[in-house]
Each structure stands twice: as structure tokens, then as C-alpha cells.
Amino acid sequence: MNYLWAGMLLLGIVYGGFRGEMAAITEAALSSAKEAVSLCITLLGVMCFWVGMMNIAQKSGLLRTLAEKLDPLLNFLFPTLKKETKAKEYIATNVIANIFGLGWAATPAGLSAMQELKKVSRQKEGVASREMCTFLVLNISSLQLIPVNMIAYRSQYGSANPSMITGPAILATAISTLVAVIFCKLACMGREDRL
Amino acid sequence: MKLLLYISDAIIPILLFIILFHALLGKGRVYEDFLEGAKDGFHTVIGIMPTLIGLMCAVGVLRASGFLTDLAVWLGKIIPEEVFPSVLLPAAIVKMFSSSAATGLVLDIFKEYGPDSSNGLIVSLMGSCTETIFYTMSVYFMSVGIRKTRWTLAGALVATLAGLIASVILGQML
């Protein structure tokens, strides 16, 4: 993470310097900081509300019912989490929210899942466990079935058939997710977690 | 189409209703549970706030430097037009860093080529099957203090690449 972050900044500054974009870079740094704060304020409301609702669902056992339905799948993806029901409940919530395209419900569940995964991690402090890596790669591979945003944009720009992409989009998402699963399975085979 | 949009509008209220209804049936102390969770959510956001500011500044600087657009131009020269249309490269690359910036580029392509053109279809699919890699990684990992991310980035890039290739092939078939 350190190199990634510093790399983006250094590359931006050096490259921008060569292109004579120094003023734009200063402007971008300041305006991005401002944008991040306003994003956080929006996020604060959404997270409080949604994690609160999720806590109700967790206490009432609704999440457990949900996770049990996904259990075979979750046990395949995360074989070491067989007994970690709480982590699996949040992972199941995140996966389902992602499938339905509820991004703002998926993030709070995902962050709660990360906290549970940290509790059961057998890695050293600051090192990602395989479960964390698998969970993130899956999230990034996109699980959303129906691209609602994209369909809305398409109709806004005068498409004759905005939802014609639904079928192929499901296929494309399935392919990227399948590749992600295969990659994670291979990567998990390669290296053993430290105890 | 109408039904689809209606369902996506109605799904959140219905979900909230189910959660509350189910909890009240089980005599849950709903408001107390809600407040407890809301407090957790509050702390999580405050915790990731510095991460988000740092990340968004870095992405902002990188975008302002013109590197991402130039990278797309160079890649467009290397990659044959039949394999990947070069006008779509900026959107594909920017999507890995920032979702909102990528949406702007997608809409530009809709405006120029039309959403039902070959390019419009490919870019619609691309947007549907990829996620912002760097945003997701830093927010999720930093929220639990992870510095070494091991093979996450490699896996994310491989999955995204698979999605991009699938989009181009499927988009040209439509």
C-alpha cells in the first residue's frame, strides 16, 4: 500500500512537471482533499444508518438465515471460515448487496466483514490473510448482476434498447468473477499462512 | 425495463421493512440495536477518513498530471484496434482509479458514438463488469490496518482484464 500510494503521487508530480501541469496538480490536490471530506460526510450518514440496520438484522438472526443459504458457496471460497459464523454473515450480506447493485449497503457490510476477518486472521499484524485477499479480489471482480446505473445512463442518452446489455453484462461479470475465483484458489494453494 | 427500474427503486424500502418486521417478531430491541450499530459505523468512517483523503488526493494528482490519458494513448498505439478500440482505453484505465471520473468518460463516448454503437455497447459492458481497484483496496485494507496486501492487486488486475476482454468480445457480437 505504501509504494502504491507514494508511486501514484510521485509519478503524478514528475510527469505533470514535464508536461508543465504544476498549477493543475496543486489545484487537484486541494480540490480532491475537499471532495474527499464531502464524500466522508455523505458516507457518515449512510454508514451510520446502514450499519445500524444491519445490527438489527444481525441480532434478530436474519443475517444468520441469509448466511446459511450461502453456506456451501462461502465454505468453498473460504474453507478456513467453517466455524466463523459472524464473519460469514457479513461476507454473505456484502455479496448479496453487491449482486443486487446496492453499493452503499455493500461497503458497510464489507468493512464489518474485514473487521471479523482480522479477528480470525492467523497472519502477523498488518499483513493480509488469504481470506481478506480472496474477499477483496471477489469484490473488485464485480458481482453486480443487473447494471442499473448503466441502463439508466443509456436511456438518458437515447438508446433504443437500454436494457439489451443485461444478458451480456451478466455473462461478462460471470467471466471476471470466475477468473477471480480461479486466481484466488491458485494463490491460496501456493503459499501457506504463517501461524 | 420499467419493472426493472421499479424493482431497483423499491428494493431498499422493502429490505428495511423486512429487517424491522423480522426483528420485531422476535421481540428485538430494535432502536437500541440500531444505535449500537450506528455508533460502529460512525467510528469506521472517522477511521477511514484520512485514508480516503490521502487516496483521493493521490488519484487527483495523477489524473491532473495527464499521465492516465497519455498512458491510454501509448497503449492504443501498441494494442491493435481489432483487439481493443483505442478510444475506449481512457475509460477502462480511469475506472480502476475513480468511478465518477470513469462515468464521465463513458457518457462522453455515449455522446460521440451513441449508446447503441459498437463502442457504446462495449463501454456499457465494461462499466458493468469492473470495479475501482484502488479505492476498494485502500478503503477495505486501511480500515483494518493492513499494509502488506500480498496477491490482492495481482488478482484484481487479472479479474479486471478478463472482464475487459469479455466486454470487447461480447460487445462486438451484439
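Figure 1. Residues 88-110 of chain B are 83% helix and 0% strand, with end C-alpha atoms 11 Å apart, where helices (H or I, at least four residues) and strands (E, at least two) are DSSP runs numbered from the N terminus. Residues 122-141 of chain B are 85% helix and 0% strand, and the end C-alpha atoms of this span lie 31 Å apart. Both spans come from the UniProt record, an unreviewed entry, which places the feature "transmembrane region" at residues 6-25, 45-68, 88-110, 122-141 and 153-171 of chain B; the positions follow the numbering used here, feature names are shortened, and annotations may be inferred rather than shown by experiment. This is a predicted model, in which local features need pLDDT of at least 70 and side-chain atom pairs count only at pLDDT 80 or more, while totals for chains, interfaces and linings use all residues. Residues are numbered from 1 along each chain as its sequence is written, chains are lettered from A and ligands numbered from 1 in the order in which they are written, and side-chain values use heavy atoms, with hydrogens and water left out.

**Figure 2. Chain A and its annotated spans.** Chain A holds nine helices and zero strands, and its C-alpha trace spans about 55 × 50 × 35 Å along the principal axes. For chain A the UniProt record, again an unreviewed entry, places the feature "transmembrane region" at residues 36-57, 132-153 and 165-188. Residues 36-57 of chain A are 100% helix and 0% strand, with end C-alpha atoms 30 Å apart, and residues 165-188 of chain A are 96% helix and 0% strand, with end C-alpha atoms 34 Å apart.

**Figure 3. The crossing of helices α2 and α6 in chain A.** The axes of α2(A) (residues 22-59) and α6(A) (residues 103-119) come within 9 Å and cross at roughly 70°; axes are lines fitted to C-alpha atoms, for helices over the stretch in contact, and angles run from 0 to 180 degrees between N-to-C directions. The two helices are therefore roughly perpendicular to each other, since angles under 35 degrees count as roughly parallel, over 145 as roughly antiparallel, 65 to 115 as roughly perpendicular and the rest as oblique. A:V46, A:M47, A:W50, A:V51 and A:M54 of α2(A) make the contact with A:W104, A:A105, A:P108, A:A109, A:L111 and A:S112 of α6(A), contact meaning heavy atoms within 4.5 Å. This set comprises ten nonpolar, one polar and no charged residues, with Ala, Val, Leu, Ile, Met, Phe, Trp, Tyr, Cys and Pro counted as nonpolar, Asp, Glu, Lys and Arg as charged, and the others, Gly among them, as polar.

**Figure 4. Helices α3 and α5 of chain A.** The axes of α3(A) (residues 62-69) and α5(A) (residues 85-99) come within 8 Å and cross at roughly 75°, and the pair is therefore roughly perpendicular. On α3(A) the contact involves A:L63, A:R64, A:L66 and A:A67, and on α5(A) it involves A:K88, A:E89, A:Y90, A:A92, A:T93 and A:I96. These residues divide into six nonpolar, one polar and three charged.

**Figure 5. Where chain A meets chain B.** Helix α1(A) (residues 2-19) packs with α2(B) (residues 30-64) at an angle of about 30°, their axes 8 Å apart, which makes the two roughly parallel. Here A:W5, A:M8, A:L9, A:L11, A:G12 and A:I13 meet B:G54, B:L55, B:C57, B:A58, B:V59, B:V61 and B:L62. Over the whole contact, 94 residues come from chain B and 99 residues from chain A.
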